[in-house]
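Visitor: Could you take me in close on one part of this model and then work outwards from there? I'd like the cut-offs along the way.

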Amino acid sequence: MKKANFSFIVYLSYLIMSVRDQKYIFELEKKFLRTDLPEIRPGYVVRVWTKVKEKDKERLSHFDGVVISVRGRGTGKTFTVRNIVGGVGVERIFPYYSPYIEKIEILRKIPVRRAKLYYLRYKKQSELFRE
C-alpha cells in the first residue's frame, strides 16, 4: 500500500474546511446582497445609473451598453458593459452589489448562445446584433 502524499492530505483537509466555512461566509454575505436590482445576463442592453461624488455634491450618471460578461458569485459578482463612444470601444466593469449603483434598466434582450461575448470587441457597431 502506498503512502498518501502530504500535499494531497493538506488539500483534502482544505476542502473539508472550506465546505464548513462556505456556509458561514454565505450567512455573512446575505446582509450585503441587494434585491432591488434585476438579474442580468450576457446579451442584455442595459443602462446602469451610478452615483458620482464630485467635491461635496453627488449626482447620477448613466452608462449604456451591451453586457458582455457576468462573473463571480455572492458579493464578488461583477458584470462588464461595453459601448462604443465616439468610435472608440469603452468597457466598464461594475460590481453587481455596489452601493454606488442606483439602478439598472434593461433596455433590450438580445438572444445569444455564449456566456462571454468577447468577440464583440472585434466587430463594428453596425455589425452588432443584426436581426
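Guide: Let's start at a side-chain pairing: R59 and E54 are joined by a polar contact of 3.1 Å between their side chains. Polar contact here means a pair of N or O atoms within 3.5 Å; within protein, one must be able to donate a hydrogen and the other to accept it, and residues adjacent in sequence count only if both atoms are side-chain atoms. Before going on, bear in mind that this is a predicted model, where local features need pLDDT of at least 70, side-chain atom pairs count only at pLDDT 80 or more, and totals for chains, interfaces and linings use all residues. Numbering runs from 1 along each chain as its sequence is written, and side-chain values use heavy atoms, with hydrogens and water left out.

Back to R59, which sits in strand β2. Strands are DSSP runs of E with at least two residues, helices are runs of H or I with at least four, and both are numbered from the N terminus. R59 has a relative accessible area of 40%, so it is classed as partly exposed; that class lies between buried, under 20%, and exposed, over 50%, using a 1.4 Å probe and protein chains only. Setting aside neighbours within four places in sequence, R59 touches T50, K51, V52 and E54, where contact means heavy atoms within 4.5 Å. As for W49, ten residues from R59 along the chain, the two C-alpha atoms are separated by 10.0 Å.

Strand β2 covers residues 57-71, and S69 lies in it too. S69 counts as buried because its relative accessibility is 3%. Beyond four places in sequence, its contacts are T78, F79, T80, A115, K116 and Y118.

Now over to strand β1, residues 44-54, which holds another arginine, R47. With a relative accessible area of 23%, R47 is partly exposed. Its side chain has a polar contact of 2.9 Å with that of D64. Leaving out neighbours within four places, R47 is in contact with H62, F63 and D64, and also with K103, I104, E105 and L107. Take I104: it is 57 residues from R47 in sequence, yet the C-alpha atoms are 5.8 Å apart.

F63 turns up again among the aromatics, where ring pairs link F63, F79, F94, Y96 and Y97 into a cluster. Rings of Phe, Tyr and Trp (its six-membered ring) pair if their centres lie within 6.5 Å; planes under 30 degrees apart are stacked, over 60 edge-to-face, and the rest tilted. The structure holds four such pairs. One of them is Y96 with Y97, edge-to-face because the planes stand at 90°, with ring centres 4.8 Å apart. Both Y96 and Y97 are buried.

Stepping back, the protein has one helix and five strands, in the order α-β-β-β-β-β from the N terminus. Buried residues are 26% of the 131 in the protein. Of the contacts between residues at least 6 apart in sequence, 53% join residues at least 24 apart.

Last stop, helix α1, residues 6-29, where I25 is found. I25 is partly exposed, at 44% relative accessible area. Together with Y24 and L28, I25 forms a nonpolar surface patch with about 310 Å² of accessible area, an area that comes from the Shrake-Rupley method with a 1.4 Å probe, only the protein chains shown counting as cover for residues. Patches take residues with over 30% relative accessible area and no salt bridge, joining like charges within 9 Å and nonpolar side chains (Val, Leu, Ile, Met, Phe, Trp, Tyr) within 5 Å; a salt bridge is a side-chain nitrogen of Lys or Arg within 4 Å of a carboxyl oxygen of Asp or Glu.
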